[in-house]
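Please look through the sequence and the model shown here before reading the explanation that follows.

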Amino acid sequence: MPNSLLSTPARRWATGATVATVVVGAAVAGPLIAGADSDLPDRTAAELLVGLATIDVQPFAGTVVQSADLGLPALTGADATSLPTAALSLLNGSSTARIWYTDGDTYRFALQDDQSESDLLRNGQDLYFWSSEGSTASHVVVPEETPDDHGEGPFGGGGPFGGEGGPFGGEGLPEDMPSNLPTAAASLALGMIEPSTQVDVDGTATVAGRSAYELVLRPKDEQSLIGSIRLAVDGENSMPLRVQIFARDHSEPSFEVGFTSVSFDEPDASTYDFTPPPGTTVEEVQPGDLEDALPNHGTPDGTPDVGPDGHLDVAPSDVTTVGSGWTTVVVARDVNLDELTAGLEGDAAAIADAFIADLQDVSGAYGTGRALTSDLFTVLLLDDGRLLAGAVPLEVLEQAAQDPAAAL
């Protein structure tokens, strides 16, 4: 069964009807074709959208670079190789990864920097995690899947490429794979497609040595902080090779993830053989222990909140939205910043302190609180425990806080 690009968490936004609406709308708008300087055949936006929606992800290997400059506070004094700092680089910095993929049970992801490397590797039922920073590695034996599992991994749910069938079918790439891949980012962008979006083809580009079409999504709502999203779509197999997100009125991308090199030949089987360096201790981990290690969410008595699918439910239980499309505001309740940061230590605590220090005091008819602004998103944390966030300016969040749908 093919791997569907839209079989992802974002697929809940991009239903078959939504994609069909955009495809028809783009076709009616007229053919917007590739540049004349390309050897690629002319393609309309509608044709490219259909190709993305029905992509069959084939084996590949490549190097992916992600960079972000969202205007967030700079972090000083933290260990650049620490996990919290590496996580922050996804929002304000850069990271490089090598990826090998054969199928949903056979893949390898290596996050690299100048001083360290961390590997996530799956070969059949064997899942390994190794970091050069320590002398240990973790090994999980992934439970055998049942026909109802839809390709889920040991952490549950559908990962960046999903595990559910969805409107276009497909098993999807493994949910254990990190989500900072061009294909996953493209899926999120496609999830925003609806009548509020202008879809164009803006010529062609060369990405990782391959010819690609440039598909551009532009919000029609001027309240969105996002000015445009550019997807470089491989001219041969429709694989997203690069995703760039531009803040409104910015000429350089605030977020970019893309291949710098890629091959669509199947990786050699030996790529997935795990051979730890001499002296490395391999720790055996039970799949259930991974859930036990997660922060507690949900039940008042402190027990994990396990959903009907048997997986730990880490999502807030009281979340609503105000608005729609690109200017949707997410509203969460009972958010206590002190409780969220109480257990942090080291670099994680330093990062939290840097963000908190950058919050600005705000007040209005909605109450009082603090806000964090960036080029692409804004967060409003109110003293009554509500948290509002969206790709909109602060004043839009303040208006949303007064909407009945955002009431406590």
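Is R333 buried or exposed? R333 is buried, at a relative accessible area of 10%, where buried means under 20%, exposed over 50% and partly exposed in between, computed with a 1.4 Å probe on protein chains only. This is a predicted model, in which local features need pLDDT of at least 70, side-chain atom pairs count only at pLDDT 80 or more, and totals for chains, interfaces and linings use all residues. Residues are numbered from 1 along each chain as its sequence is written, and side-chain values use heavy atoms, with hydrogens and water left out.

R333 forms a salt bridge with D318, their closest N and O atoms being 3.5 Å apart; the term stands for a side-chain nitrogen of Lys or Arg within 4 Å of a carboxyl oxygen of Asp or Glu. D318, at 32% relative accessibility, counts as partly exposed.

A further salt bridge joins the side chains of E214 and R242 (3.3 Å, N to O). E214 is buried at 6% relative accessibility, and R242 is buried as well, at 16%. Salt bridges link D202, E214, R230 and R242 in a network.
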